[in-house]
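I opened a new notebook page for this structure. The entries below follow the order in which I looked things up.

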Amino acid sequence: MINAIVFDVGGTILDESHEFAAWADWLGVPRHTFSAVFGAVIARGLDYQETFRAFRPDFDLAVELERRAAAGQPESFGEEDLYPDARPCLTSLREQGLVVGLAGNQPAHAESTLRALDLPVDLIGTSHGWGVAKPSPAFFERVVREGGGDASSILYVGDRPDNDARPAQEAGMKTCLIRRSPWGHILDMPAVSERCLFRIDSLDELPTLVAKHNAAGG
């Protein structure tokens, strides 16, 4: 049985297209060029920050975030950046009596912003707030604790097979991969995806799949 469902944030419930575009503008490169390099970085299995270093070899994310904030262009997101299927999915799962949470790699400002969105969730965790980031096993151990303590009853939903599904599986959780975001479309890890309980293209699919799974006794 699935008793708790915990979602990754960026690329899963949050569309990061606006922020990718803002970074391209900040670096002074065409948005389509930035996107193309981003895709190549993902396909090569590199850290996403290599995208920035392709245009500025000495790029330091922490420094640039401070510069953007000082220039009145801080990283930000709001209701308009949620995928349209995110809030309805969270609501539907909550109505099934499940514990619903968010846990992802997010910077300092993200947790308060997520809370301000008043999403129908029981818990919100971020790498900054927890002091540990995916794919570290410690991050997923924290997910298990926050989700009730029984890994086998928790479903972790994310867009990345490397940062989301694989480490969640190693922690004993059930997993769901959603095929969206650059990682969801480019990064192919069959050995990981085949172990997922669900593979979906939209969060609209998830409530019915979970209900059927639980009705069948897990």
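Entry 1. I looked at the end of helix H1 and found glycine 28 just after it, with a positive phi of about 75°. I note here that the model is a predicted one.

Entry 2. Which residues of H1 are buried? I listed Glu19, Ala21, Ala22, Trp23, Ala24 and Leu27. I then looked for what covers them, and the cover includes helix H2 (31–43), helix H3 (50–55) and H4.

Entry 3. I looked up how H1 (residues 17–27) packs against H4 (residues 61–70). The angle is about 90°, and the axes are 12 Å apart. I put H1 down as roughly perpendicular to H4, because an angle of 65 to 115 degrees counts as such. On the H1 side of this contact I found Glu19, Ala22, Trp23 and Trp26. On the H4 side I found Leu61, Glu64, Leu65, Arg67 and Arg68. Sorted by class, the contact has five nonpolar, no polar and four charged residues.

Entry 4. I turned to the largest nonpolar core, which has 30 residues. Which of them touch the most other members? They are Phe7, Ile13 and Leu206. I then noted the elements that give two or more residues to this core: strand S1 (4–7), helix H5 (86–95), strand S2 (99–104), helix H6 (110–116), strand S4 (154–158), strand S5 (174–178), S6 and H12. The largest share, four residues, comes from H5. Apart from this core I found another, of 17 residues, with Leu27, Phe34, Ala165 and Leu187 among them. As a general remark, nonpolar side chains tend to be buried together in soluble globular proteins.

Entry 5. I went back to isoleucine 13 and looked up its contacts, leaving out residues up to four places away in sequence. It touches Phe7, Asp8, Asp81, Leu82, Tyr83, Ala86, Leu102, Leu119 and Leu203.

Entry 6. I looked up glycine 11, which lies in the loop between S1 and H1. Is it buried or exposed? I counted glycine 11 as buried because its relative accessible area is 2%, and buried means under 20%. Not counting residues up to four places away in sequence, glycine 11 touches Glu16, Tyr83, Asp159, Ile178, Arg180 and Ser181. I also checked glycine 11 against histidine 185: they are 174 residues apart in sequence and 11 Å apart in space, C-alpha to C-alpha.

Entry 7. Alanine 43 is in helix H2, and I put it down as exposed, at 58% relative accessibility.

Entry 8. I looked up serine 202, in the loop between strand S6 (198–200) and helix H12 (206–215). It counts as buried, at 17% relative accessibility. Its side chain makes a polar contact with the side chain of aspartate 85, at 3.0 Å. Leaving aside neighbours within four places in sequence, I found serine 202 in contact with Asp85 and Ile178.

Entry 9. I stayed with H12 and looked up asparagine 214, which is found in that helix. Asparagine 214 is buried, with a relative accessible area of 14%. I found that it touches Met1, Ile2 and Leu98, again not counting residues up to four places away in sequence.

Entry 10. I then looked at backbone geometry. Most residues other than glycine have a negative phi, and most peptide bonds are trans. Against that I noted aspartate 118, with a positive phi of about 55° although it is not a glycine. Aspartate 118 lies in the loop between H6 and strand S3 (123–126). It is exposed, with a relative accessible area of 62%.

Entry 11. I placed serine 181 in helix H10 (residues 181–186). At 12% relative accessibility, serine 181 counts as buried.

Entry 12. Last, which form does the peptide bond from lysine 134 to proline 135 take, cis or trans? I found it to be cis, with omega near 5°. Proline 135 sits in the loop between helix H7 (127–130) and helix H8 (137–146).

Key
Residues numbered from 1 in each chain as written. Predicted model: local features only at pLDDT ≥ 70, side-chain atom pairs only at ≥ 80, totals over all residues. Heavy atoms only, no water. Buried < 20%, exposed > 50% of the residue type's maximum accessible area, 1.4 Å probe, protein only. Polar contact = N/O pair within 3.5 Å; in protein donor to acceptor, adjacent residues only side chain to side chain. Contact = heavy atoms within 4.5 Å. Axes fitted to C-alpha atoms, helices over the stretch in contact; angles between N-to-C directions. Parallel < 35°, antiparallel > 145°, perpendicular 65-115°, else oblique. Nonpolar A, V, L, I, M, F, W, Y, C, P; charged D, E, K, R; others polar. Core = buried A, V, L, I, M, F, W, Y, C linked by side-chain atoms within 4.5 Å.
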